[in-house]
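Reader: Hi, I'm new to reading structures. Can you walk me through this one?

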Amino acid sequence: MSIRFGDFMLDEERRQLTKCGQPAALSPKAFQMLQLLIAERPKVVPKEKIIEELWPDVAVEEANVRNLVAEIRDAIGPDLIRTVHRFGYAFEGAASTGLRIAARLDDASRTYPLVDGTNIIGRDLGCAVALAAHGVSRQHARLHLASGTAKLADLGSKNGTWVNGSRIESPVVLQHGDRLGIGTLTLTFHVENGGGTTSSLDLQLPPRRDVC
C-alpha cells in the first residue's frame, strides 16, 4: 500500500519515501518509525511503543528515538511530527491511501493529484493540496470525490470558500465549469465523463519557490 501526504509518497511494499516522485533519503529505522506514526495517526505514539516496535528484545536509549525523529523531520519538514514531551510523538499531516488518481489540481508549474475519497485543501504542508497563498487557511476546504461526483465543503475558513461568486454555507456538488475561490486563488472545475471518469481542476496560482 502507498500513502500520500503533501508532496510525499510512502510506498510500504518498496519501503521507499519519495518527494514529487524523487527518492527522499531515509534510513530503514526512520522509515519504520514514520510508517508507525502514520498508521497510528492522529494518536500520539508512546516512546515505549516506538522502542518496542523498532528494537524488539533490544535495550536502547530514548536518544535513539530522538535521533530518528530528527532524521524524519529533516526529510519531510519539521511541522508534520509533533512532540508530546515526556510521552511520545504524533504524525500531524493529512494522509491518503490508495493509488487511483480521480482528479488533479494544475497550475503553470505543478500538478496536485487527487484520489478517490477526501482531499483537504489548505495551507498545511500535510494537506492533499497544500497552497502557499494569501488568504488560504491551514485547512481551508474539503473536496470529496466518489462515484464520479465531486462535493466541495468549507472547513470554517476565515475568508470562506466560493463557487461562482457565491460563498458556500453548506457542501456543494461541483459541475463542469464551476469557478472556485480559495483565499486569493481562482480555480475552474473540469469534469471528464466516461468509463474511467476523471475530474480535474485548472488552478491559476502565482509562481512558487518550492515547486517539484
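Predicted model: local features only at pLDDT ≥ 70, side-chain atom pairs only at ≥ 80, totals over all residues.

Reader: How many bridges link E6 and E7?

Author: Four bridges, in the antiparallel sense. Strand E7 covers residues 88–91. Within this pair, Thr 83 stands opposite Tyr 89 in E7.

Reader: OK, helices now. At what angle do H1 and H3 pack?

Author: About 85°, with their axes 9 Å apart. Helix H1 spans residues 28–40. The angle is why H1 counts as roughly perpendicular to H3.

Reader: Which residues of H1 and H3 meet?

Author: From H1, Lys 29, Ala 30, Met 33 and Leu 34. They meet Val 65, Leu 68, Val 69, Glu 71, Ile 72 and Ile 76 in H3. That contact has eight nonpolar residues, two charged and no polar ones.

Reader: New topic. What's the mean pLDDT of the protein chain?

Author: The mean is 80, and 80% of the residues reach 70 or more.

Reader: Where is confidence lowest, and where highest?

Author: Lowest in strand E20 (residues 198–204), at a mean of 31. Highest in strand E16 (residues 166–167), at 96. Over residues 192–212 the pLDDT is below 50. That stretch still has 57 contacts in the model beyond near neighbours in sequence.

Methods
Residues numbered from 1 in each chain as written. Heavy atoms only, no water. Pairing = 2+ DSSP bridges. Helix = DSSP H or I, 4+ residues; strand = E, 2+ residues; numbered from the N terminus. Axes fitted to C-alpha atoms, helices over the stretch in contact; angles between N-to-C directions. Parallel < 35°, antiparallel > 145°, perpendicular 65-115°, else oblique. Contact = heavy atoms within 4.5 Å. Nonpolar A, V, L, I, M, F, W, Y, C, P; charged D, E, K, R; others polar. pLDDT = per-residue confidence, 0-100.
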